[in-house]
Amino acid sequence: MRFPVKKFFSYYKPYLTIFLTVLTCAIIVSALTLVFPLLVRYITKDVLEGDLSTALSEVYWIGGLMLVIAVIQNTGNYFVDYKGHEIGARMESDMRRELFTHMQKLSFSFYDKEKTGQLMSRITNDLLLLSELYHHGPEDYIKYLVRFLGAFVILFFINAPLTITVFCFLPFLGVFSLYFNKKLNKALRRNKERIGDVNAQVEDSLSGIRVVKSFANEHVEIGRFNRENNRFLDSRKKTYKAEAYFFNGVQTFIQLITITVIIFGSASIVNNTLELADLITFLLYISYMIEPIQRVTHMSTQFQEGITGFQRFMEIMNLEPAIKDKPNAKTLQEVQGEIEFKKVSFRYEDDLDNVLVNLSLRVQQGEYVALVGPSGAGKTTLCSLIPRFYDVTTGEVLLDGINVRDIDLQALRKTIGIVQQDVYLFTGTVMENIRYGNPAASDEEIIAAATYANAHNFIMSLPKGYHSEIGQRGVKLSGGQKQRLSIARVFLKNPPVLILDEATSALDNESESIVKESLELLAKGRTTIVIAHRLSTIRNAGRIIVLTEDGIVEQGTHDALLSRDGAYAHLYSKQFEYQT
Ligand SMILES: Nc1ncnc2c1ncn2[C@@H]1O[C@H](COP(=O)(O)OP(=O)(O)OP(=O)(O)O)[C@@H](O)[C@H]1O
């Protein structure tokens, strides 16, 4: 991937004025630091070797000037530190917002492949390092460049041959740096991937902590964690090795330069081509030249970390959502809720087998249809094609006769309510969780929705009623209570089409009958597709569709299908045997 230079710099745009002010301040501060050794040289060479009767008063004046310069320097540095960091933090926050917004747009197919922990790492760690580069980078480069060039020019005027000798070392230092920069870049990239893996492992393990404990498998999780943690450690060890080579190599160059100056400088004094005051000035300025070289290690690490962070940021930003609106996507007015699958074939990925092949099915407006069949036959997959969680591979899915691909995604998804077995509730209060179904709803509408969902009474018995916190993912609620909140959420959304994906299969008999009651109420007047494992729950469905690996093999009412003595009768008798 070519490095997107324009995009990289575009994040400075909103802060350009303040950023340029910070840079100007950094230049002024650096230029002023160059004045100090010149003043020392003036004192040692001109003042102290001239008329001693006036020397002291002149030294006082110069001392005063040095104080003024120090005040300007420190004020400037304060501004550069404070505002510079603030700009970096603001840019980081802008990018984090952009990345999160983009991630929200990416489709299911993306999340099927990615690990949540890795993605979290990109949003937090990577951008943190990038912000360091954004504000420190230009400021450091300018600061050290001014010092370096300033010192070079001044030294050149003091003693050109000695200055050129010092500069002969620089091409070697350049080649050395380039070589190790490449190595460091690779190592830092690997570090980021490894810490992403650690994050992913922690996220996975802690999200499933109940399963871990129920199987008493803490040691398994610790083992997995240690494996990732050790891989991260190994990767960091390699990085530090490369850094140590680099840093010590640079140190060797610095020592060589200092020794060279001392030897050549002393020889020049002996030969009367250099004065002692100039050698002192030379040695003072050498530190200005050496400091940038010393900082090269730090700056190149900062540069590499920032750049790899930016590349990882762009990897996600460059991903187009697999499913998005067409340019003139239709918004829907009055949705009737008729759904039709026309010769639909679907596979999750190009190199996987088809899950659905040439399947056709029409569900009338307001019809209550049950989808049954063996596990893995594609029931959930079929339903996920209606809200375009995935797009069909071939064929069409139509809502009220319009291809779902031609409908505005938001409008399409607003017409479909989904209740699943695995309820996802967000950390927050009962009220906030139900309001998720319609953020504009009033408290009264929320209470009405909860009442329809048979949830009002249990909510009122909670310590703070609707304002009770439900814990992460609703841990403080029972399975049936969580399910009723999720149903209230859909009541509030009030969609014309409903998909119930094994919504009651995880509940005990008592909870099931309460939830079933509220689901029946919810389904009234809506086109409803129910995916059911327990066939006893869908006996009253207007139509039962039997989906197997061979597609739709049977459809009809419960009684009609039983009397056919086909696939459905077979499934039913198997379940009946199992239950008795
Ligand atoms: N995200 C995915 N990526 C790849 N394959 C998938 C994905 N989701 C499901 N599958 C595969 O698609 C097939 C159909 O799965 P699906 O969940 O639709 O079946 P189902 O009939 O709903 O099963 P169950 O009754 O067990 O829930 C299965 O073979 C499954 O492994």
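Trainee: Which domains does the domain assignment of the chain give?

Mentor: Domain 1 covers 5-317, and domain 2 is made up of 339-377 + 396-552 + 571-579. Those bounds come from an automatic or database domain assignment. This is a predicted model, in which local features need pLDDT of at least 70 and side-chain atom pairs count only at pLDDT 80 or more, while totals for chains, interfaces and linings use all residues. As for numbering, residues are counted from 1 along each chain as its sequence is written.

Trainee: How far apart do the C-alpha centres of domain 1 and domain 2 lie?

Mentor: The two C-alpha centres are separated by 55 Å.

Trainee: What is the mean pLDDT of the chain, and what share of its residues reach 70 or more?

Mentor: The mean is 87, and 97% of the residues reach 70 or more. Here pLDDT is the predictor's confidence in each residue, on a scale from 0 to 100. Where it is low, the predicted coordinates should not be read in detail. The model also scores ipTM 0.94 and pTM 0.78.

Trainee: Let's turn to helix packing. Why are α7 and α9 called roughly antiparallel?

Mentor: Good one! Two packed helices are described by the angle between their axes and the distance between the axes. The axes are lines fitted to C-alpha atoms, for helices over the stretch in contact, and angles run from 0 to 180 degrees between N-to-C directions. Helix α7 (residues 170-207) packs with helix α9 (residues 218-270) at about 165 degrees, the axes being 9 Å apart. Angles under 35 degrees count as roughly parallel, over 145 as roughly antiparallel, 65 to 115 as roughly perpendicular and the rest as oblique. The pair α7 and α9 is therefore roughly antiparallel. By class, their contact has 15 nonpolar, 7 polar and 11 charged residues.

Trainee: What makes α2 roughly antiparallel to α3?

Mentor: Helix α2 (residues 16-47) and helix α3 (residues 52-105) pack at an angle of about 160 degrees, with 9 Å between their axes. That angle is what makes α2 roughly antiparallel to α3. The residues of this contact divide into 22 nonpolar, 5 polar and 2 charged. In these classes, Ala, Val, Leu, Ile, Met, Phe, Trp, Tyr, Cys and Pro count as nonpolar, Asp, Glu, Lys and Arg as charged, and the others, Gly among them, as polar.

Trainee: Now single residues. Why is R388 called buried?

Mentor: R388 has 21 other C-beta atoms within 10 Å. A residue is buried if 20 or more other C-beta atoms lie within 10 Å of its own, exposed if 12 or fewer, and partly exposed in between, with C-beta atoms placed from the backbone. R388 is therefore buried. This residue is in the loop between α11 (379-384) and β4 (394-399), and its phi is positive, about 60 degrees, although R388 is not a glycine.

Trainee: How do you know whether N272 is buried or exposed?

Mentor: N272 has 7 C-beta neighbours inside 10 Å, so N272 counts as exposed. Its loop lies between α9 and α10 (276-317), and its phi is near 65 degrees, a positive value in a residue other than glycine.

Trainee: What makes N494 partly exposed?

Mentor: N494 has 16 C-beta neighbours inside 10 Å, so N494 falls into the partly exposed class. N494 sits in the loop between α16 (479-493) and β7 (497-501). Its C-alpha is 7.6 Å from that of G417, although the two are 77 residues apart in sequence.

Trainee: And why does Q481 count as buried?

Mentor: Q481, in helix α16, has 23 other C-beta atoms within 10 Å and is therefore buried.

Technical notes. Helix = DSSP H or I, 4+ residues; strand = E, 2+ residues; numbered from the N terminus.
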